[in-house]
Structures are given as structure tokens and as C-alpha cells.
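The following note is intended for a colleague who meets this structure for the first time.

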Amino acid sequence: MSPATSILGPLRGLRVDLSKGTVDADELPREVALAYLGGRGLGSYVALRERLFEVEPFAPENLLVFAPGPLTGTGAPTSGRYSVTSRSPLTGTVFDGNSGGSFGVALRKLGLDYLIVAGACATPSCLAIGLEPAGADGGAAVATPPADGRPAVVVQSAGELWARDVPDTLARLRDLYPGCEAAVIGQAGEREVLFASIVNNHGRSVGRGGLGAVMGSKRLKAVVLAGRGKDRPPVADAERLSFVAYEAEKLLKANPITSQALPEFGTAVLVNVLDQAGALPTRNFRDSRFEHAAATSGEALRRGYVTRRAACRGCGIGCARRTATATASGEGPEYETIWSLGAACGVGDLAAIVEANYVCNRAGMDTITMGSTIACAMELAEEGALPGGPRFGDAAAVLSLCEATARGEGLGEELGQGSARLAARHGRPELSMSVKSLELPAYDPRGMTAQGLAFATSNRGGCHLRANMLGPEILGVPKMIDRFATLGKSGLLINLQNLNAVLDSLSLCKFTAFAMKEDYYARLLSAVWGETVEPQELLRIGERIWNAERLFNLAAGFTRDDDTLPPRLLREPVKAGPAAGRVVDLAPMLDEYYIARGWDEEGRPRAAKLEGLGLAAPVADARPARAATPAGGGSV
Amino acid sequence: MSSAVLEQFQRTGHDLFIAGLVSSHGGNMSVRQGDRILITRRGSMLAHLEERDIVDIGLEENDANVALASTEIVVHRAIYKATSALAIVHTHPPYAIAQSLVKDEIVPVDSEGSYLLHKVPVVEAQLTAGSAEVAELLPRRLKEYDLVMLRGHGPFAIGHLLEEAYQLTSVLEMTCRILTIGEGLGGQVKEYRKGSDQYGSW
């Protein structure tokens, strides 16, 4: 496909040990790029190789792997992304998150394919790369020499930045390091709230799984990069890349989801879509339609609150929103946030939802887990298991509990542990709407059964970003399938899981997949590398990444029993609406899925599968015990 | 086999015949379900498929149902083993076959074909039906392209769903009709697409 000379060489990285105050040049052979690409794949590779499944998430030995992908910053559509991978304190699984913005592009301009952060600082610090030390408050700066042509790294006191919220931190960093790119934590990360996020200076978050808490446990307030590196990411065949990118943009512009729905309404366009399908979880999944859906919809958001559209770097879709209420302004909310702080809690006051979202953004917290944990508390209270707790529909309580969680006050201290620990502590674990302790997002799988299988088998817990069956089950992408059917959909799901692993590793936005197929991604990568990458090989890489993550989780003690859904979704039929009477019949779907994956009946990859993918199980039989039901505290 | 899957076979088979993409007993289709393949019965009429016309057979291991399966089972198996396809549609569309007899690749000039296909490679085999030669040849190209034309015989299209593979097949035949008509007109094609000179390298 590409006649150019290959530019694919070893991956260049840095390894910073905050405990020792050292920085070392790091390198991974080009075979790792061919096998795992970058981004999420690279992070999963490192996590498995370094046996993070044996490491407590908040132990200094846990790692944070910051990694852009081979397409980051190249001009491929939506290619401004990067990933962060670690072992999650919320789930205990391997966990990556990614976000747009320019942080990943800045890493690549500094000549870095990845950054590994190990250890923990003795006192709150910042990491500055490619920058001169900037004395924020006279705090001691520990400089480490540049290594092997890589940029200089400085570990510097966070000083007055510690305890600042996200916007204040970013503003101060921009003063200290004009033109910098930064990824920071807010107070939630500092306090090790188990769903604290990492936010970059374009307001985009590595949101889920508490990777911000891992950063907080390392007393690392910010990673700051020189934002104006002179070197653009290399491209082997720029003319070819331009042609393929043009063809890809044509598809994105021709597709009404990427050219109209998302640009016009943002992701919140889904509120009404899911409500009409009877798949909008309401009041902690007790209902599947929300009486205030229209009042909290993307259309309502646009009418009352949106001040302007925004887009990540390199993105022509532009799904992000700047909004304002009478008293505040900020980023979002996205669909999942409107749902979690709205329908999940029975709240139909959009202004309150928008402002609660701002609170989460300022503190650096994942809004899905925040809202779902409040919804869990509401049901616990209504069931008498949490006396004096909040009640469904109480908008003021949602706002105040977000603030209390950020500050660690009162019930907020408990909420900061997520819904699984909250529900277990109050004797009703079944009321946590989570998988592997990660709260489910805004899709009721009783109205889209393969989404239930997607949640159950997700390597990072209840998540729609590993594979979202919204496409084939609701939107008809690539084609409409029977959303209530039980069997015959596992293959489709597996392909989507593999493809999303590829997108997270390239790193591109998944929204492109509403219009593009794997052949476009393969051609983009072929042009950048100057090596032919076949579409089928790309999906094979996705399969390898998925299985590597599975091996990690098996080694961490997860079993088939963890590939499940909250009991409500398996046993309580939907009361009314288009999905009335439905539950998820998970067991046969799981059996079919394991067979299609080439795994045994317990969900362990068979030897032939591992051999075919060039993988080896990290442990044969020594699996450390893992608490079946998470108790309080940060360990899993 | 679930009723939903049978319905997909029936609807697609009916449409393939009505659209003139297969003769009365021509063509075949399959879907992959884990380590099993559901494939149309040898000699079945795609326009009139019933449950007995869908044969359940192993992907890796052969079994007695091979006596009932489509002649092309060997090719379908090879494709599934080499690609992430979950569905295959093989047809005998006349315009596409005609184009394959005079070209080594089919490059659409119409808008729909350009968007969805860009380019269709044409491959050649001496034994064109159910042969090991085709089973070796086709999967290699289907790693790069979702639709590949077997010269003089017909296209193999892959997808995650039968409907996807059917769509590609339908678009190919429409594209080839347009090409054939256009070439008959004899004039110079007035190019309207930026970058179309690079479609041959797709």
C-alpha cells in the first residue's frame, strides 16, 4: 500500500522514578510497536511485562504510563489523543484512559513515544519535561540531566499548586511555563478519591478508573511539557497520508452522526435517542425511561447553556461544548454526565446538572462514577440502608454531594470510594450498578443485550468505551441488528472490542468508527510508518491487546464470576416502555463469547490462542487472592 | 440456529436473486459463530431458503455436514481463518463478471462506488469453484480489501454482518453496470473527484 521507506524504529521513552529522583532513557524494540502500536496497547504491554497485577494500586511500585500513538499529531483525523495506563485503584484491573487535547502531540514533539512514571515523591511535586525549572514559590527543584538526546526532566516542588483545583492549577502553570501542555489532578486526585481523573489544559480528561488518584498517591500534581517542540511527529509518506486523510474526512462529512448529530448537539444528542429506545437507565437502573429526558436533552442543552462548540486537536467533528449557567461557566456536560447526574439520580434540573458537572471538573472527578455513586446512595436511603441519605430527584443534594466528595466531608468521604464499596459497606452490594467495581454508563443493557455482554466482558469493568453496541443495536452502524436477541452477536462485539483497542492504541477518537472502517485506519498507519499494515493485521493487534489485558486481569485474580452484571439487570424485568419485560440472559451469551474468543469455559485464553498471538501467560497458577467484594479503603 | 439468523439468510438470499446477482441455484453465503460456520446448502436456492438449507459445520474440523455444505465451503473456511470476517457473500453478478474478463482491477467512477470500494482487485485461478487454489488466493487479498473479484466467476465479499457483505456486492454490480454503460458511450470521463488518480493505489 505504501511505497515509502519505513521509518518505524525502536520506541523512545523516558522512565522517571519519583522515589529515587532519577530519569533514564528507555527504549522498546520496533517489534513492540508492530505488536502493540502505542497508546493503550503499549501501556498494557508494559503493565503486563512489569507484573503490575502484583502491585497495590497506591503502592509506589505502581506505574503510570503516558503514551501517545503512532498517529498522534500526524494530521490523521482526530489524532490529538494520548493514553494513560496503570493498575486501577477502583477496579484492580489494568486500566487505561485516553483524552484529546494537545498533551500527546507535545510528547511526540519532544521525541517521546512514552513516559513511564514510577515511585512516589516525598512531597507534592510536578514533573516538567523539556522545560527550564520555574520556581513557583521558591520550592527546591531537582534537575536531572537530559539523557541520550531526550529532553531534560525536572522534578520540582508543587508548592502552592497543591490543593488548587484543576482550572487554577492549569492557569498557574500557563503563567509559569507559557505555551506549555499539562496534565494535572485536582483536589480529588490529591485526596485519592478512587475515581479521580487526570485533566489536560484543553479541559479533556482521562476520566475513569481513578488514574488521577494513582497520580495523587505519587504526590504528583502535574506533568508539564514544553508545548512548542520544534519537531513534528515523523511521517514516511506525507502525500499518501494526505490522500487517505482526505478520503477519511469525506466519509466523516458524509455521515450524519459525525457531520450533524455530534457537531450540532454534542454527545448529549443521545439523551433522547436512548430514552426513546427505552434504554436510558433511570433512578439507579430501576427504570429505563426518564420523564425529564427532553428537559435534560442535547437539544435543551443547546438552547439554554451552550456558548460555543469546541474540538480536540486535529478533529473536524467537534463534539465538545463550552457552556454557561447564570453563575458559572465551563466545559460540558457530555451525555454520560447529563445522565449520571440527571436521570440516574432522578434529577431533571439541567442547570443543576451543568453546575454539578463543573464541580466535578474543577475537582478532577469522573462524573459517571460520581453520579452513579450518588444514585446508589439514593436507593440505599430509600431502602432504609442509609438513614438520612439523599433521595431521588433532589438536585441540591447532587450538587452538594459532589462538593462534599471533592472535599472529603461527611457522606462525601464514603462516596469517594465508589458505589461498590458504598453498597457493600451498607449491606446491599447488589445496589451498586457496576461491573468489576466500575460504574456502568448510560445504556440499559436490558434494551440492548449485546451491550450487556460488552459490559460484562470489558477488561476495565463497566464501560462503554471498550465496545459500544450503540452502533449496531440502536443507530444501525454498520447495520441494524435485533437489539433484544441473545445469541449470534458475540462475534460482532469481539470485532468491536478489538477495533477499539486499535483506536486507543493509534490513538484516534472512536467517533471516527461511526463512519470509517479498519481499512482506513490501516492505510493511515501504513502511510505514517511507510510499512504496509493490512486491515486484518490491525484487528489482530487489537485482539492481542485484548488478550494481554485479559491475562493481566486473570493474574490479578479475576475469574468468570467477575464477567457479570448487577443482579438487577439479570433478574428484574424492565417495567415499561419499548424494552418492557426484558432482562439480560447473560450465561449463554458468555459461553458463546468465550468460544468465539478462543478461551476455555472459565474465560482463560487457550494455549493455541496465546501462541497464535505471540503471548505467554505471566503466571501459570500462582494467582494472588483478591477480595470478591471490595471493602472500604483503596485496596482491591 | 436462532430465528434472527435464519431471517438474515432469507432476506439477503431473496434480495440477491431479485437483484439479479445470482442465478436460480447459484451463489452462497455463510456466517461465522465462534468456531462454527453456518453456510448455505449445496444446490439451495437463495431466493427460497428454509432452515434445512442452512448447514452448521465446524470451522477448524470437518464433519459429516460437509456432504451438505456449499461447494465453496473450503474457500469460506479459509477466509474465516485468515480474516476477522463474520459473514461472507459470494455471487455471480453479470456486469461484474464481464468487467473482470477485461480488467485486472475495477476502479469505480461513480460516487457510491468510489466512497465504498475505491478499488476492487481481480484475481485469477484455473479451477474457479471450491478449489484449494482459490482458498489460498482469496484470503490473502481479503486481508486488504473487503471485496475481491474472482475473474470470470464472481466476487467474494466479507463483513461483520451478511447485510454488509451484500451491500458491497450490490454496489460492485451497480458500479460495473455504470462502467460498462459509460465505456459503451465511448467518451472521455469528466473527472469530478479530487484525488481519484490515486484510487488505483488504494
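1. For the 636 residues of chain A, a compact globule would have a radius of gyration near 26 Å, and the 23 Å of chain A agrees with this. The radius is taken over C-alpha atoms, and the globule rule is 2.2 Å times the number of residues to the power 0.38. Along its principal axes, the C-alpha trace of chain A spans about 65 × 55 × 55 Å.

2. On the basis of the note: this is a predicted model, in which local features need pLDDT of at least 70 and side-chain atom pairs count only at pLDDT 80 or more, while totals for chains, interfaces and linings use all residues. Residues are numbered from 1 along each chain as its sequence is written, and chains are lettered from A and ligands numbered from 1 in the order in which they are written.

3. Chain A contains 24 helices and 18 strands; these are DSSP runs, numbered from the N terminus, with helices (H or I) of at least four residues and strands (E) of at least two. Of its 636 residues, 63% count as buried. A residue is buried if 20 or more other C-beta atoms lie within 10 Å of its own, exposed if 12 or fewer, and partly exposed in between, with C-beta atoms placed from the backbone. Among the contacts in chain A with a separation of 6 or more, 72% are between residues 24 or more positions apart; a contact requires C-beta atoms, placed from the backbone, within 7 Å.

4. Chain A is divided into domain 1 (11–225), domain 2 (266–438) and domain 3 (445–613), with bounds that come from an automatic or database domain assignment. The centres of domain 1 and domain 2 of chain A, taken over C-alpha atoms, are separated by 27 Å. In the contact between them, 34 residues of domain 1 of chain A meet 25 residues of domain 2 of chain A. Helix 4 (166–176) and helix 5 (187–190) of chain A each supply at least two residues to the domain 1 side, and helix 5 of chain A gives the most, with 3 residues. By class, that side has 12 nonpolar, 18 polar and 4 charged residues. Here Ala, Val, Leu, Ile, Met, Phe, Trp, Tyr, Cys and Pro count as nonpolar, Asp, Glu, Lys and Arg as charged, and the others, Gly among them, as polar.

5. Which residues have the most contacts inside the largest nonpolar core? They are A:Val224, A:Val398 and A:Leu524, in a core of 264 residues. Such a core is a set of buried Ala, Val, Leu, Ile, Met, Phe, Trp, Tyr and Cys residues joined through C-beta atoms within 7 Å. Helix 21 (residues 535–555) of chain A contributes the largest share of this core, 10 residues. Leaving aside neighbours within four places in sequence, A:Val398 is in contact with residues including A:Leu341, A:Cys345 and A:Ile374.

6. A:Asp562 lies in the loop between helix 21 and helix 22 (567–571) of chain A. Is A:Asp562 buried or exposed? A:Asp562 is buried, because 22 other C-beta atoms lie within 10 Å.

7. Chain B has 6 helices and 8 strands. Its 202 residues would, as a compact globule, have a radius of gyration near 17 Å, and the 17 Å of chain B agrees. Of these 202 residues, 45% count as buried.

8. The 8 strands of chain B form an open sheet in the order 3-2-1-4-8-7-6-5, with mixed pairing; strands pair if DSSP finds at least two bridges between them. Strand 3 (54–58) and strand 5 (105–106) of chain B stand at the edges with a single partner strand each, so one side of each is left without a neighbour in the sheet. Strand 6 (residues 120–123) and strand 7 (residues 147–150) of chain B run parallel and are joined by 2 bridges. B:Val122 stands opposite B:Met149 in strand 7 of chain B.

9. B:Leu38 belongs to strand 2 (residues 36–40) of chain B and is buried, with 21 other C-beta atoms within 10 Å. Not counting residues up to four places away in sequence, B:Leu38 touches several residues, among them B:Met1, B:Val5 and B:Ile54.

10. Where the chains meet, 21 residues of chain B are in contact with 24 residues of chain A. Helix 1 (3–18), strand 1 (28–33) and helix 6 (162–185) of chain B each supply at least two residues of the chain B side. By class, this side has 5 nonpolar, 8 polar and 8 charged residues.

Technical notes
Two residues are in contact if their C-beta atoms, placed from the backbone, lie within 7 Å.
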